Amino acid sequence: MAETHLIFDLDDTLYAERDFALGGFRAAVTWARSTLGVQIDVDRMLGLLDDGQLGRLFQTALSEAKPDHTSDDLKEFVRAYGRQTPDIRLFEDAAEALAHWRSRTRFGLITDGHPATQHAKIWALALAPKFDHIIITGALGPDRQFHKPHPRSFEQMQAALGQPGDLFVYVGDNLSKDFVAPNALGWTSILVDRPAHRAQRIHKNTTAPSGGEPHAVVGDLCELQRVLA
Ligand SMILES: [Mg+2]
């Protein structure tokens, strides 16, 4: 009999990525203070994040505090961010949805990022025992080669969990990359956009490329029951 498989993105889909960023900023400014002797404001870094300055955030914050910093200083500053012990928790609706669907379907996780960083989040959220298959795309090859929208992780997930005729559903938050590959594979794609969390979403300003529009939008993961009915 055909089965449904619920595959989730991690960051800003199951927990608030801004909380992870905040913990990392705290670790990075602590490092900068003790090693470089400079004061960097966590709120300044959060402000850059909320402005969508993702790519240049660390460089900007460090340059403001220490214009003559070296490239090694910057590398260590970013590394300190990654060494944090995450203090994060599942969105309430995510915890409820996982509990509801656990006995009804199999779960997969497809998440972009550095394997050590993503593992730390998965550990902090205690997700490993709940999920049947977890793919961190950064572990599939170097240089973000297999990050979404590359289809490799989705093909591997399908091969790991599915049988012919099975329905796969991907739930994510990032319009720019989350839905291209699952759409192309015939999966059902669902964007989660929580109104109360919208202003703090890391990828709130993205748009969908051609073929990357989700089939449905939900305001939280409890609504999956309605969409998948
Ligand atoms: Mg995400």
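Start with the lining of the largest pocket: by class, it has 13 nonpolar, 13 polar and 12 charged residues. Here Ala, Val, Leu, Ile, Met, Phe, Trp, Tyr, Cys and Pro count as nonpolar, Asp, Glu, Lys and Arg as charged, and the others, Gly among them, as polar. This is a predicted model, in which local features need pLDDT of at least 70 and side-chain atom pairs count only at pLDDT 80 or more, while totals for chains, interfaces and linings use all residues. Residues are numbered from 1 along each chain as its sequence is written, and side-chain values use heavy atoms, with hydrogens and water left out.

**The pocket**

The space in the largest pocket is about 1,200 Å³. Select E17, Y81, G113, H114 and R144: of the 38 lining residues, these are the closest to the pocket's centre. A pocket is an open set of points on a 1 Å grid over the protein atoms alone, where a 1.4 Å probe fits, with protein on both sides within 12 Å along at least five of seven lines; lining residues have an atom within 4 Å of a point.

Now colour α4 (71–82). With five residues, α4 gives the most to the lining. Helices are DSSP runs (H or I, at least four residues), and strands are runs of E, at least two. Domain 1 (4–16 + 88–227) and domain 2 (18–82) each supply at least three lining residues. Those bounds come from an automatic or database domain assignment.

**The magnesium ion**

Next, select D9, D11 and D173. They are the protein donors of the magnesium ion, 2.0 to 2.2 Å from it. Donors are N, O and S atoms within 2.8 Å of the metal (3.2 Å for Na, K and Ca); water is not among the atoms, so sites may look incomplete. D11 sits in the loop between β1 (4–8) and α1 (17–36), and D173 in the loop between β4 (167–172) and α8 (180–184), so the pair ties together parts 162 residues apart in sequence. D173 is buried, at 2% relative accessible area. Buried means under 20% (1.4 Å probe, protein chains only).

**The aromatic rings**

Move to F154 and Y170. Their rings pair edge-to-face, 4.9 Å centre to centre, with 80° between the planes. Rings of Phe, Tyr and Trp (its six-membered ring) pair if their centres lie within 6.5 Å; planes over 60 degrees apart count as edge-to-face. F154 is in helix α7 (residues 152–161) and Y170 in strand β4. F154 is buried, at 0% relative accessibility.

Last, select F20, F25, W31, F58, F77 and Y81, which form one aromatic cluster.

Methods: Buried < 20%, exposed > 50% of the residue type's maximum accessible area, 1.4 Å probe, protein only. Points joined across faces, edges and corners; volume = space filled by probe spheres on them. Phe/Tyr/Trp six-rings, centres within 6.5 Å; stacked < 30°, edge-to-face > 60°.
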